Amino acid sequence: VVGPQFMDAMRTGKGLSTFDQMLPMVRNGRVQETYWNYSLSVIRNDDGSIGGVFNQGHETSARVLAERRLRELNESLEEQVAARTGERNELWALSRDIMLRCGFDGKMLTVNPAWTELLGWREDELIGTSLLEFVHPDDVAATQVVAASHETGKSYSGYENRYRHRDGSYRWISWSTRPTD
């Protein structure tokens, strides 16, 4: 790799700079992939003819190989996240249980399709509205107490209250909740 570059510099008088050039090198008795930043500058004699080449270099193998490994890990992580997200989305869509994510302010952020099947509401009718708008008036105060405790990290299993169906009737729902960031 380097030989022809030196010869070209000696023949043409033109210098060269290259970055992260892979140069196989024998180290500890075996060929290793190494990377280098280097430059070639022509050295001229007093009469202007080319007398030699000044070569300055710095090995960048550790950085180049670490960046490659990081890219590989990122690709692997992206594949894992995509697979897990696909699994979660499939479970979310197929579940017959009502599932949702909402903020601590009670605004619904996402709902699964079971809301339509069990309570008649479409996703676009729910997103951005307060969950409390769908709670039976007699259950609102107790639901607010439970919701407020989520900010302290408390989870619930089997909490029950009534939710309004799109037709105006109410259905008892048993909830499990877990606050997250």
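These legends walk through several views of one predicted model, from the whole chain to single residues. Because the model is predicted, local features need pLDDT of at least 70 and side-chain atom pairs count only at pLDDT 80 or more, while totals for chains, interfaces and linings use all residues. Residues are numbered from 1 along each chain as its sequence is written, and side-chain values use heavy atoms, with hydrogens and water left out.

**View 1**
From the N terminus, the elements follow the order α-β-β-β-α-β-β-α-α-α-β-β. Helices (H or I, at least four residues) and strands (E, at least two) are DSSP runs, numbered from the N terminus. The C-alpha trace spans about 100 × 35 × 30 Å along its principal axes. The radius of gyration is 33 Å, whereas a compact globule of 181 residues would have one near 16 Å; the value is taken over C-alpha atoms, and the globule rule is 2.2 Å times the number of residues to the power 0.38. Of the 181 residues, 26% are buried, where buried means under 20% relative accessible area, exposed over 50%, and partly exposed in between (1.4 Å probe, protein chains only).

**View 2. The largest nonpolar core, with 17 residues.**
Such a core is a set of buried Ala, Val, Leu, Ile, Met, Phe, Trp, Tyr and Cys residues joined through side-chain atoms within 4.5 Å. The residues with the most contacts inside this one are I98, L100, M108, W115, L126, Y163 and W175. At least two core residues come from each of β5 (108-111), α3 (114-119), β6 (156-164) and β7 (170-177). Helix α3 gives the most, with 3 residues. In soluble globular proteins, nonpolar side chains tend to be buried together.

**View 3. Y163 and the residues around it.**
Not counting residues up to four places away in sequence, Y163 touches L119, L131, F134, V135, S169, Y170, R171, I173 and W175. Contact here means heavy atoms within 4.5 Å.

**View 4. V146 in helix α5 (residues 140-150).**
V146 is buried because its relative accessibility is 10%. Beyond its neighbours within four places in sequence, V146 is in contact with Y156 and Y159.

**View 5. V64 in helix α2 (residues 61-94).**
With 12% relative accessibility, V64 counts as buried. Its contacts, leaving aside neighbours within four places in sequence, are D20 and Y35. V64 and T34 are 30 residues apart in sequence, yet their C-alpha atoms lie 8.9 Å apart in space.

**View 6. T18 and D20, both placed in strand β1.**
Which residues does T18 touch, not counting those up to four places away in sequence? They are W36, N37 and Y38. T18 is buried, since its relative accessible area is 13%, while D20 is partly exposed at 29%. The phi of D20 is positive, about 55°, although D20 is not a glycine. Most residues other than glycine have a negative phi.

**View 7. N28 in the loop between β1 and β2 (30-44).**
Is N28 buried or exposed? At 79% relative accessibility, N28 counts as exposed. N28 is a residue other than glycine with a positive phi, near 55°.
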